[in-house]
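Colleague: Could you take me through this model? I would like to begin with the ligand site.

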Amino acid sequence: MIETVEKFVGEFARSLQAETFVKMTLGNYHGNDAHLQKILIRLIETKKGARLFFLFRQDTRDTAKNFDFAEGIERVKEFLGKDFFSGHLFTTENDFQLEIGKKGKSRLNTGKPTFKEKPALEHDREKKTLVNQNAFYLKALGITTDKGEIRDKQRDKWKQINKFVEILGSLFDKSELRNSKNLRVVDMGSGKGYLTFAAYDYFKNTRSINVEITGVEARDELVSIDNDIAKASEFDRLKFVKGFINDFDLQDVNILIALHACNTATDDAIFKGIKASADLIVVAPCCHQEIRPQIRAPEMLENVLKHGVILEREAETLTDGLRALLLERSGYATKLFEFVATEHTPKNNMIVGTKRKTALDGEKINEQINQIKNFYGIERQRLESLLNENENLDNN
Ligand SMILES: C[S@@+](CC[C@H](N)C(=O)[O-])C[C@H]1O[C@@H](n2cnc3c(N)ncnc32)[C@H](O)[C@@H]1O
């Protein structure tokens, strides 16, 4: 090994032992991976103790892996001079900058430390909110900084995550699930996974429930990143699968979640939850597009609904109102209330269905649904179609 690289790796190992390590970056990549750009290394606290977390930064996505110290040091040794040709090590005593030239010429500069204090590890700080602000997944998802502070641009998201966990916890406590030691949750349209991770962390670590959560998401790249972060967080029973909601084979579920699943994807999710007899169904619909073009304004409302903005709101209200009625027709008690605003929808309903012990009069609810549809000239509503088709199948 080149002498300067040996020295650099030696300083890295020493900083880990002396607990002065802050972070490290490997850059100037010349390896075979067309997408890899650099590796960012920092310390995280896991159940097995402190680990080195390697974030492999690629042009379109990141992947992550954690190693114990010996393994991590070995990896850095292997990478330098072969794939990566620069290294920047930050310790609380010194900064070290390694540059390896083409012909094996190299330089190691030592400078004053940029950081005089180590970043606190996850367990070092107190919990102030329902969501554990120091959790690693929040850093990996870019909600918090390396130091565990909420990023300015993520404050709304942070508020939403906390509100969601608060609502979920309260719904759980008020439901028949309240004494469950095991819980199966499915999050349909999990996206970047903020809320899925928060739900897992809450049930598993705050409530000590043996929870299993599956996030279902159509976008492959999000599934892959989220699975890496789940692994690095040691969230063993949290997994993300690529797929469409209506193709997902949902058999056994206690809580069905679908937050901001666009347009009729929310209907697909509610239908799956009803079919699997989920105890709780929690959805926050967005992008209501199905009903608006169908509405034929009744004469008495013509001059009201001629305004696009009113028509839009009416369509949203009718869509979510019909969804709630269809849940009731399917044996669920419902609540509909405002959830926090998001980048997807400024006004944001949340519909919650809790499985009832005794069903309501389905015929009566059906009558109401038909009256509303007739009044507005609505011909199709996705959830209703799915439920009716399913009923026809069951009857044949
Ligand atoms: C607006 S994002 C919301 C993500 C997350 N649930 C949240 O509230 O932060 C909606 C996500 O649902 C996914 N999605 C939409 N329709 C879907 C479908 N039919 N099946 C699976 N995923 C879907 C999209 O790819 C997107 O990532």
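Colleague: Which strand gives the largest share of the shell around the ligand?
Modeller: Strand β11 (residues 255-262) does, with 3 residues; strands here are DSSP runs of E with at least two residues, and helices are runs of H or I with at least four, numbered from the N terminus. Please note that this is a predicted model, in which local features need pLDDT of at least 70 and side-chain atom pairs count only at pLDDT 80 or more, while totals for chains, interfaces and linings use all residues. Residues are numbered from 1 along each chain as its sequence is written, and side-chain values use heavy atoms, with hydrogens and water left out.

Colleague: How many residues surround the ligand?
Modeller: There are 17, and the closest are G189, E217, I245, L259 and H260; a residue is near the ligand if one of its heavy atoms lies within 4 Å of it.

Colleague: How do they divide by class?
Modeller: The shell has 8 nonpolar, 6 polar and 3 charged residues. Ala, Val, Leu, Ile, Met, Phe, Trp, Tyr, Cys and Pro count as nonpolar, Asp, Glu, Lys and Arg as charged, and the others, Gly among them, as polar.

Colleague: Which residue has a side-chain N or O atom 2.6 Å from an oxygen atom of the ligand?
Modeller: That is E217. As for nitrogen atoms of the ligand, one is 2.8 Å from a polar backbone atom of G189, and a backbone N or O atom of I245 lies 3.0 Å from a ligand nitrogen.

Colleague: How much of the ligand's accessible area does the protein cover?
Modeller: The protein covers 86% of the 600 Å² that the ligand has on its own, by the Shrake-Rupley method with a 1.4 Å probe.

Colleague: Changing topic: where is R323 found, and is it buried or exposed?
Modeller: R323 is found in helix α9 (residues 308-329). R323 counts as buried because its relative accessible area is 2%; buried means under 20%, exposed over 50%, and partly exposed in between (1.4 Å probe, protein chains only).

Colleague: Which side chain does R323 contact?
Modeller: The R323 side chain makes a polar contact with the side chain of D320, at 2.9 Å. Such a contact is a pair of N or O atoms within 3.5 Å; within protein, one must be able to donate a hydrogen and the other to accept it, and residues adjacent in sequence count only if both atoms are side-chain atoms.

Colleague: And what about the chain overall?
Modeller: The protein chain has 11 helices and 14 strands, and buried residues make up 50% of its 396 residues.
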